[in-house]
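Here is a short briefing for a first look at this structure.

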Amino acid sequence: MTDTLGVLASLPALREQLEQIRRYLDEAADPDALRVGLQRIVETGADPTEHMEGWLQLLDAAPSAVETIVTRPALVREIPGFGKREARGRQGESEAFDRETFARELDAALCDLPSLEARLDHLRRVRVEETLRIAWQDIVDGADLTVVTRRISDLADLMVDHVLRETADELTRRFGRPWHGTEPVGAAVIAMGKLGGAELNYSSDIDLVFLYGKDGETDGAPGKRISNREFFHRLTERATHALNKVTSAGRLYRVDLRLRPEGAVGSLARSLTSTIAYYHRMGETWERQAFLKARFIAGDRQLGDEFVATVKAWAYGPGLTFDEIASLKRLKQRIEDRTTGRGEERTEVKTGYGGIRDVEYVIQFLQLQHGAAFPEVRHHNSLAALRLLEKAGAVLPAERDVLDDTYRFLRRVEHRLMLVQGAQVHRLPHDPDELRALARRCGFRDATEFETAYRTRADTVRGLLDRLFRRAFADRAAHQVEETNLILSPTPDTDRLAEVLEEHGIRDTARGVFLVEELCRETALWLKGSPRTRNVMADLFPRVIDAIKKTPDPDAALRRLERVTARVGARATLYESMAANPALLHLLIDLAGHSRFLCNILERTPGTLDQLVDALQTERGRGLASFEDIPTATVPTATDPAAILSSYKNLELLRIGVRDMRAEQSVRETGQGLTRLAEIVIRLGYERARRDARRPDADLVVVGLGKLGAGELVYGSDLDLVFVARDAEHVSDATAVARRLTKLLDTPSGHGRLYDIDLRLRPGGKGGPLVTTPGELRHYFGGGPGQTWERMAYTRARCIAGPPTLAEDVSAVVHDAVFAAGFGHAEAAEIRDMRERLAAAGPSSVKRGRHGGVVDVEFVAQMYALERGKDDERYREANVPAILTLLQETGGREAQLAADLNLAYGYLLTLESKLRIVADLPEDRLPDDPAELHALARRLGYVDTESMPAADALREEYDYHRAVAARAFRKNIESRCRK
């Protein structure tokens, strides 16, 4: 055999072409095959040098093309430039290809051929040659996938149409024309699968369904007449045989008729009425899926269009039920099992892991789900349907990009596999050299780069398939299937839905039905009207209402769940997170069912829910009790520090509240957490205030009093603060900082108010200067106007922010000033009078009710602190439980007093805290309305029994502990007043 380059040396432009060939062979996918193929073509006398670069690309990517060119060397001259004129961008259509002109030219060529076999062979040659032209357009001109598959499909349409006409003409000459009465009867060919989707590949089978108009008989000569049924059976048989037959001219197409009614055992052709009746009567879900791609391609267009419109209306129907989804999942699993059983899960491009079928299944599943309510998504082409699904909101833009990119990538790989052998191949090669060659043909440098790109896309698509299809609608009980189907339906049975809600504890069922419908609607503007939300909720619905049923007040839980989810970025995204993470689902239902306070945070600041979801997903190892993400770096320079602090505070409130609600921490730990949160916000605010006031060295200490100083904050507590400067010389600078800090913490904004700040405990109260000094504090309490109740308040004083050395000085001054005077009967009488004024000042509350409250215990502890703190530093502890512990250690009557007060204090403080988190009641009072009190009691863990309703049990225990606190305070204060 003559050397390839030697043969080329006899052609014009030799030197330039030889260098070009050498360079290309260095980078070719299969240099040996390319060299041999090029040699064979040149030996026919064909001259490829005018378009050498293109022929090198084509022959390297499609070695099977050599046989076609060797058979007809003139193609070397005819093909280049044809595809280039037609190459268009993504999703474009060919301008140059004129299907009608091509069909007329083909008709003209066929007319000159004497026999049916000659005409069929001509079609076979045309098909092979046109496929080569399309390959040039694909490989050399870089046409988009949609252009390539559209051209391949157009060619198949024309071939089937011509074969149908040729075989129909032959049968008509023998048996006459089919009639139904006086009406002529025609046949229609419906394309399914990839041909139906106009996305055929180079070596696909073609899935066809044949049908005819009506029954009757032909008008042939006597003895030649046959029934229409037999005529069209023979027509289907002969047309299929002609398409399948292999001759020296090649083969047109392998035909698969198994998608016809009754599959392989069914009649080859049925009448329109019979075919439609079959699908309506016996059609299965997988057949509905298959007919999403139905497209008329040949024969009687009116008949074909009528069938396609009717069968697609059946296929899309009313959407999918749970059982139909389950059947689709079983079918998909069987496909995967067959691939896995052959050991091809990771190498099968079509049916393997993350393969073409995975992409198609996502698209077709979503079309079946949403096509009933959104007819605009009904399209036979995969990529076109994907765009329409995105437009309808059924897939997100990012998901659409992933599916589109992967589908194009995999189809390109599939095409390159088929062009190598000229056969239907879907498996990646195992041989390293063949895999490297495939990588080169797909545009990659080596096999490793190709495998990485393939694996990444496969993993991403399989993740989408799992989330949107495989993991959705998992097995459930029969009653849950009904509940799912109620929501899946675009027009649910509201009467039955009301009954289901009533069964799950919803009293106001009319309102409940409305709220469920609202939960199924998307609120995000960019997904407004999306069907995705309803379908994800349908999957969740049985779990949601089951969890709601277990809450103390299902009506309130459903109402709050709707309000909270209405404020998130996208309900569908939240629901998908809930479906993937059952802990999140139960958390949201718990919040809705047990905490108005936390739900109000979520409603006011919807971004907080997104952060909470992230926290659940990323912090499972350490729970929700973290202060690790303190925004220390951002607050000092942020444009809106209140926004950052508010976001941080709300998320931490949620973390603390969730642990509290789930009894994962004691009331003491809750108070400590809330206190630490407030301290962090104050310190960050303090640093920002010093910067904004341009007093970076301002000597100012922020002192916390009340529950903040004691480390026992409850939800919604205000902050009692006092500002202390080093001395009179620094008061001006300190005041500038104090004002800015107060404004930052206490000024309402679009983010709400960080904290209510109470500055009335500073010396002189409202009328006193904003900032005091250690000297003024010493004077105020050491012979100045300071009163006993103020000294009691300052037993809880604690420095929160400021220079450490100054903070130590302030603490020492406060302790000396507050504890030095001791506590006698005069001070006790003053406190007794004050307690009576508090009881009379407003409505009874858990904190300071007339018949006992938290303040009674606090006063007793503070009196002991004042009495003993001068000589015993342990009593200078600002915390009530710490002082009660000291009293218990003394023994005797004080120990019993402390034990009683400890129980009462623990209960009342817990109730005060729970009233805030459960009912968000700012006055810390039990509700007067019986229904509200009952719901509150249920949320607090009380249960209804035959002997006592939950509300009565709550009231009884509450009254008992109040009485204990009141009695202890009264005895203690009376004994002190008598001294």
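In what follows, Ala, Val, Leu, Ile, Met, Phe, Trp, Tyr, Cys and Pro count as nonpolar, Asp, Glu, Lys and Arg as charged, and the others, Gly among them, as polar. The model is predicted.

**The second largest pocket**
- The second largest pocket has a volume of about 1,200 Å³.
- Its lining is made of 31 residues. D207, L259, I335, K350 and R357 lie nearest the centre of this pocket.
- By class, the lining of the second largest pocket has 13 charged, nine polar and nine nonpolar residues.
- At least two lining residues come from each of α11 (193-196), β4 (206-212), α14 (285-290), α16 (322-341) and α17 (356-370).

**Helices α16 and α17**
- The axes of α16 and α17 cross at roughly 170° and come within 12 Å. α16 is therefore roughly antiparallel to α17.
- On the α16 side, the contact uses I325, L328, L331, K332, I335 and E336. They meet R357, D358, Y361, F365, L368 and Q369 of α17.
- This contact of α16 with α17 has seven nonpolar, four charged and one polar residues.
- I335 of α16 and R357 of α17 take part in this contact, and both are among the residues nearest the centre of the second largest pocket.

**Helices α27 and α28**
- Helix α27 (residues 571-580) packs against helix α28 (residues 582-594) at an angle of about 115°, with the axes 5 Å apart.
- L574, S577, M578 and A580 of α27 make the contact with P582, L584, L585 and L588 of α28.
- Seven nonpolar residues and one polar residue form the contact of α27 with α28, with no charged residues.

Conventions
Residues numbered from 1 in each chain as written. Predicted model: local features only at pLDDT ≥ 70, side-chain atom pairs only at ≥ 80, totals over all residues. Heavy atoms only, no water. Axes fitted to C-alpha atoms, helices over the stretch in contact; angles between N-to-C directions. Helix = DSSP H or I, 4+ residues; strand = E, 2+ residues; numbered from the N terminus. Contact = heavy atoms within 4.5 Å. 1 Å grid on protein atoms, 1.4 Å probe; cavity = no way out; pocket = protein on both sides within 12 Å on 5 of 7 lines; lining within 4 Å. Points joined across faces, edges and corners; volume = space filled by probe spheres on them. Parallel < 35°, antiparallel > 145°, perpendicular 65-115°, else oblique.
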